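Here's a quick tour of how the chains in this model sit against one another. Have a look at the structure first, then read on.

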Amino acid sequence: MAFLSISRLTKTFGTNTTVKGADLEVERGEFLTLLGPSGCGKTTILRMVAGFETPTSGTIRIDGKDVTDLKPHQRKIGMVFQAYALFPNMSVRDNIAFGLKVAHRSASEIDARVKEMLELIKLPQLADRYPYQLSGGQQQRVALARALAIKPQILLLDEPLSALDAKIRVSLREEIRALQRQLGITTIFVTHDQEEALSMSDRICVMSEGRIEQLGTPFEIYNYPKTRFVASFVGTLNILRGKVTDGAAGRVQIDGQEVVTNRGLNGASTGDEVAVALRPEALSIGRANGQSNNLDGVIDEVHFLGSVVRIRVRFSDTAVSLDTFNRPNAAPPERGQPITVNFGREDILVLEGPAH
Amino acid sequence: MNQSRIIPWIGFGLGALYFLIPLIATFEFSMRMERGTYSFKAYRIVFADPGFQASFAYSAVIAVLTIIVGVALVVPTAYLVQLKLPRLRPVVEFLTLLPLVIPAIVIVFGYLRMYNSSSILPLTGSARGTDLLLIFAYVMLSLPYMYRSVDTALRTIDIRTLTEAAQSLGSSWPRIMLQVILPNVRVGVLSGAFLTFAIVIGEFTMASLLNRPAFGPYMQLIGANRAYEPAALAIIAFAVTWACMGLIQLVASLSPGSKR
Amino acid sequence: MSTTALPASAARDRRINWSWVGVLPFIAFTLFFLILPAANLIVGAFQDANGAFTLKNIVNLGQPAIVRSYVLSLQVSAASAAAGVLLGFLLALAVIHGMLPRWVRPTLMTFSGVASQFAGVPLAFAFLATLGRTGLVTAILMTLFDFNIYRAGFNLLSFLGLTLTYLYFQIPLMVLVITPALDGLKREWREAASTLGATGGQYWRMVALPILWPPMLGAFLLLFANAFGAIATAYALTGSSFNLITILLYAQIRGDALHDPNLGYALALGMIVITGVSNGAYIWLASRSARWIR
C-alpha cells in the first residue's frame, strides 16, 4: 500500500466543488507534483492533506493510518507556504526550533537539531537574524528547515518558489530536489509552473477543474499527454484537426494530406474526426524519405528568438509552428516561400475526445 | 464548524448591547417628557429654544471656518513635505501629533495666559478676537485627523507626475494647488473636514473657557438645569456625529479611485 | 561643466527656498498656537506672582487635594485604558478572526468611528439616561429583578461609573487602533504553527501575542492619554464634585479655585509631563513593533 493514499476526495465550498473525487497514491520517498492552473483544486488537496480544510467526503491515509479527521497539529506534516510564513518575532534559530519547542524536546536536542538544519540549508551564519533581514530565497530555505526540523512524515510545498526572482527560483528548486533526495522524504509539491514540475518531480499529477487529468512521470506527461488539456498545459503544442482514413494502418488526413502514426489512435476509428498534436521541436524543414511524414505548406511568419527561429507554416486550412536552430551562415527563411516539413511517425499524438 | 463561531457571536453581541443600550435608553428617556405617553416634546422644546438655534449655528459657523483654515494650512504643507521637503516629515508629523499629547485644557490655558487683554496680542480682548482664537484652537485640536487624512490621500496619487504635468502646461503654483492637487485629494480633505465638524460641533472645554456661546457649553448648561432635554440633545449630537461619519464613507465610496 | 552646473544649482536653491516659504505658515501656526502657549505655562510654573524664579509651585503640587486629583485621574485613565484595550481587542478579534458574516466588520468599523468621537457632554447625558438614578437600565433592573443598583453601592458619579462611561469611547478607539495590527496577522503563521505541532493556545502564546504586544501597549498608552485629557464628560456628569485633575484645572482657570495663579501653571505642567511621558513611551514602542512587522 502506498505511503500516502487519497481516495474519493471531494471538497465543496458552498455551491462550488473544487475537488471532485480525487484518487491519488504517493509512494514513500516520492516527489509528486500537483500541476494545474489556478482554481484547479491542487492547493485544496494539499490543504486537506495538511488538515486546514476538512474534506466533504473521501479519506486520507498516511502510512496506513486514517488521518482524515485529525487536527493539523496532530499529523506530523511539514509545510512550506508561498508567502514567506516565518514568524517575524523570532530569529532564524527560534523559527527552526519552534516545532521542537512545542514538542517539549530538551534544550540540547533542540540545539543540535537546529544546528544540523542550518548546515543542511547552508545558512549557519544567519542563525541570529530576523526574517525581515533575509532575502526571499533565504526565507524560503529557513521555512524549509523549520518544516524539516520536526522530521515530518510528509513535506508539503505550496508554490514555495512563486514569490521569488527567476534566477533564485531555478537554483532553489535544484536545492529543494537535492535535499528531498538526500532525506528521502515523501513530498507533495503544488505549482502552476510546468517547467518546475517537469524538472523536479518523480511523478506529476496534472489537474483541471477539480479532476485529475493525468498522472505519470515527467517523461510520460510531456511525451504522451493523454488529453488535449494536458498536451496544451505542458509545453507548447500545435493542435490540428484530422480525419482517420484507415484506423488499422494509423492513417490520418490533415488538410488533404495524409500522415501515418504508429502511436495508436487513442480509441478513434476510421471516419472519426480527431485532434492531432505536434510539438514544435519535433518538426524539421525539408522532405524526408522512408518512414517519415511530410506536409507541404507556405511560410506564414518568421520569429527570430535568438538561438531559435520559430517559423509558422500554413497548410491550406491550418498552420503549425516549428522551431529550428539559428545558423549564422544560412539565410533565414522568408515569408511566402513554399516549404515542406517532416516529422516521424512517433511524433504524432492523437488526443482523447472529439476534435473540437 | 458552527461551534467555533459561538464565542465570537457572543462577544459581538455583548459589544452591541453595551453600545446600543445607552442609545436606546437615551432615546427612550428623551421621549418621556409628557407623563404617561411617549412624545417628541423634548425635541420640540429644544428645537424651538433660541439658545439652541444660536449656539448650534455659532458652532456650525466656527466648524466651517475651522475646516477652511485647517485645509489651507494642512494641504500645502503636506504636499510640500511629501514632494520637496521629505527631511521635514518627522518634524511635521511630530507637530501634528502633539495635540494628542497636550490636553486641550492645557492648550487653552496657555492661550488665556499668552493672549489675554494685557498681552502684546490681546486676542481675548474682543469677541471677534476670541472667536478667531477659538477657531485656531479647533484647528489645533483637529490637526492630527486632518493631516492624517490629507497625507494618506496624497500618498495614493502620484503628486510628482501631476505637478510636473501641470508645470509643463504652464500652470502657476497657486493654480497647481487649487486646480490639480486639491481636487485629487478631495476625498482626504472631505474626510478630514467631516471629522473636524464632528469634533468641533459639541466641543465643550475650549469654548467654555474662552467664554464663547457655542453648542458644547449650551448643552452643559441645559444638562445642569433640565431633565429630558439633555437626552434629546444627546440623540441630536449622536445623529450629527453619525451623519458626519456616514458622509465620510459616502465620499470615500463615491470617489472615482475607490475600489469598493 | 562648471558653467552649466552653477545655474542649475542656483535654480535648485531657489526652489528649496520657495518650499520653505510654503511650510512657513504651518510652522508659525504650530509655534504660536501650540508650542509657545505650552512653553508659556511651563515657564509660569517656575515663577512666583512677581515673575521671579521659584520652585514653590512645584512643591505645592504636593498638597493632599492636588495629589488626590492626580491619583484619581491616573486611576480612571489607567482603568478605562486597560479595560478598553482588553475589551476592544476581544471585540476586534471576534469580528476580524471570528468568521462572522461579512456585514459585521464594516458595521463595527463605522460604529467605532462614530462612538470614538462621541465623547463629551452628550455622552454624559446618555449614561445619565441609562444608569442614572432614573435611567432606563436602573429602572428595568428595579422592576424586573427588584434590584436597586444604587442601593447595592453603584454610583454613576463615581470611579466605577466614570470608567464605565469612558469605555464608550475607549473601546471603539481600541477597535480602530488595533484592527490594522490584527489584519497584519497572516493566516499562514497560524497554519505553519499548527503543522509544526502547536495547539491554538501555543500559537497565541508564542506567535500572535508577542507580535501584537507592542501595538497593544501602544494602544494602551494612547487610550490612557485620551482619558487623561478628557474633561467634558466628567464635568457634565458630576459637575465639579468629582475632582479629576482636569476638573480641578478647569475650576482654577475659571475662578482661581486654588487662589494661586502660578500653582495653576504647575498643575498644567504636571499634566504635560504625564501625557508626554506616556506618549513618548508610545512612540518608542511603536517604532519597536514596526521593526519586525515591516
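## Chain A against chain C

Let's start with the A–C pair: 21 residues of chain A are in contact with 18 residues of chain C, where contact means that the C-beta atoms of two residues, placed from the backbone, lie within 7 Å. On the chain A side, strand E6 (77-80) and helix H2 (92-102) are the elements that give two or more residues. Helices (H or I, at least four residues) and strands (E, at least two) are DSSP runs, numbered from the N terminus.

That side of chain A splits into 16 nonpolar, four polar and one charged residue. For these classes, Ala, Val, Leu, Ile, Met, Phe, Trp, Tyr, Cys and Pro count as nonpolar, Asp, Glu, Lys and Arg as charged, and the others, Gly among them, as polar.

## A note on the model

This is a predicted model, in which local features need pLDDT of at least 70, side-chain atom pairs count only at pLDDT 80 or more, and totals for chains, interfaces and linings use all residues. Residues are numbered from 1 along each chain as its sequence is written, while chains are lettered from A and ligands numbered from 1 in the order in which they are written.

## Inside chain C

Chain C is divided into domain 1 (19-54) and domain 2 (64-293), with bounds that come from an automatic or database domain assignment. Eight residues from domain 1 of chain C and six from domain 2 of chain C make the contact between them. The domain 1 side has five nonpolar, two polar and one charged residue.

Now for a helix pair in chain C: helix H3 (residues 64-97) and helix H11 (residues 245-255) pack at about 135 degrees, with axes 7 Å apart. Axes are lines fitted to C-alpha atoms, for helices over the stretch in contact, and angles run from 0 to 180 degrees between N-to-C directions. That makes H3(C) oblique to H11(C), since angles under 35 degrees count as roughly parallel, over 145 as roughly antiparallel, 65 to 115 as roughly perpendicular and the rest as oblique. Ser69(C), Tyr70(C) and Ser73(C) of H3(C) make the contact with Ile245(C), Thr246(C) and Leu248(C) of H11(C).
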